[in-house]
Amino acid sequence: NPHTREIDWEKLTRTVKLAVHFLDNVIDMNKYPLKKIAFITKANRKIGLGIMGFADMLIKLGIPYNSDEAVLTAERVMQFVLKKGREQSRALARKRGAFPNFEKSVYKNGKEGVLRNATLTTIAPTGSLSIIAGCSSGIEPLFAISYVRKILDNTRMVEVHPYFKEIAIESGFFSPELMKMIADKGSIQEIEEIPSDIKKL
């Protein structure tokens, strides 16, 4: 039941802290094409922790993407990611030192203490990465619920979003013909046999 699901904040905390640590390590392990790039990168230690699968998460939570609740959920998630990211960056700074340009930065007089990284978050499109991970990309809405993928010798395969397929089977309106119709139409809004609450979601 989507209405009893909740974001796993503890798991998100662990993931954010691990990711910040990982991305900070990448700065030192990276091979830089020019010394100047290495110098600037290491002076500010900027990292870009982002998200993907946001639209998928909303479906699991039963929240329509184009709703005020979705916007509030986005705010809650990113505030949380930034807060936990900063906590980890401060912990790393205590152990490894602040980013070298810290004293010249906007953070120098802050009450929060030193930071290891000048920036922490980004919203990236995550195109190829989300295909590999099998989730919706970045903060984007679903590319499509059902679409035709042409492979190899022009074989046509109907791809269906797994959560939609799950809902369609549970609600009893799934059929390969319907999935093909959705792929051809490009939308579910005008299809009568799909319940209105699912169209809204």
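Which helix does leucine 129 lie in? Leucine 129 sits in α5, residues 127-133. Some notes on this and the rest follow.

1. Ground rules. This is a predicted model, in which local features need pLDDT of at least 70, side-chain atom pairs count only at pLDDT 80 or more, and totals for chains, interfaces and linings use all residues. Residues are numbered from 1 along each chain as its sequence is written, and side-chain values use heavy atoms, with hydrogens and water left out. Helices (H or I, at least four residues) and strands (E, at least two) are DSSP runs, numbered from the N terminus.

2. The greasy spot on the outside. Leucine 129 is exposed, at 53% relative accessible area; exposed means over 50%, buried under 20%, and partly exposed in between (1.4 Å probe, protein chains only). Met52, Leu129 and Ile132 make a nonpolar surface patch of about 330 Å². Residues in a patch have over 30% relative accessible area and no salt bridge, with nonpolar side chains (Val, Leu, Ile, Met, Phe, Trp, Tyr) joined within 5 Å and like charges within 9 Å. A salt bridge is a side-chain nitrogen of Lys or Arg within 4 Å of a carboxyl oxygen of Asp or Glu. Areas come from the Shrake-Rupley method with a 1.4 Å probe, and for residues only the protein chains shown count as cover.

3. The largest core. A nonpolar core is a set of buried Ala, Val, Leu, Ile, Met, Phe, Trp, Tyr and Cys residues joined through side-chain atoms within 4.5 Å. The largest has 16 residues, and Val16, Val20, Ile47, Leu49, Leu58, Ile63 and Val81 touch the most other members. α1 (9-29), α3 (54-61) and α4 (68-96) each supply at least two residues, with α4 giving the most, four. Another core, of ten residues, lies apart from it and includes Ala168, Leu178, Ile182 and Ile194.

4. Helix α3. Six of its eight residues are buried: Phe54, Ala55, Asp56, Leu58, Ile59 and Leu61. Their cover includes α4 and α6 (162-171). Leaving aside neighbours within four places in sequence, leucine 58 is in contact (heavy atoms within 4.5 Å) with Ile63, Tyr65, Ala70, Thr73 and Leu201.

5. Positive phi after helices. Glycine 62 follows α3 with a positive phi near 75°. In α2 (residues 35-44), Ala38, Ala43 and Asn44 are buried.

6. β1 (residues 146-151) and β2 (residues 155-160) run antiparallel, joined by six bridges; strands pair if DSSP finds at least two bridges between them. Valine 148 has valine 158 of β2 as its bridge partner. Three residues lie between the strands, and leucine 152 takes a positive phi near 35° in this hairpin.
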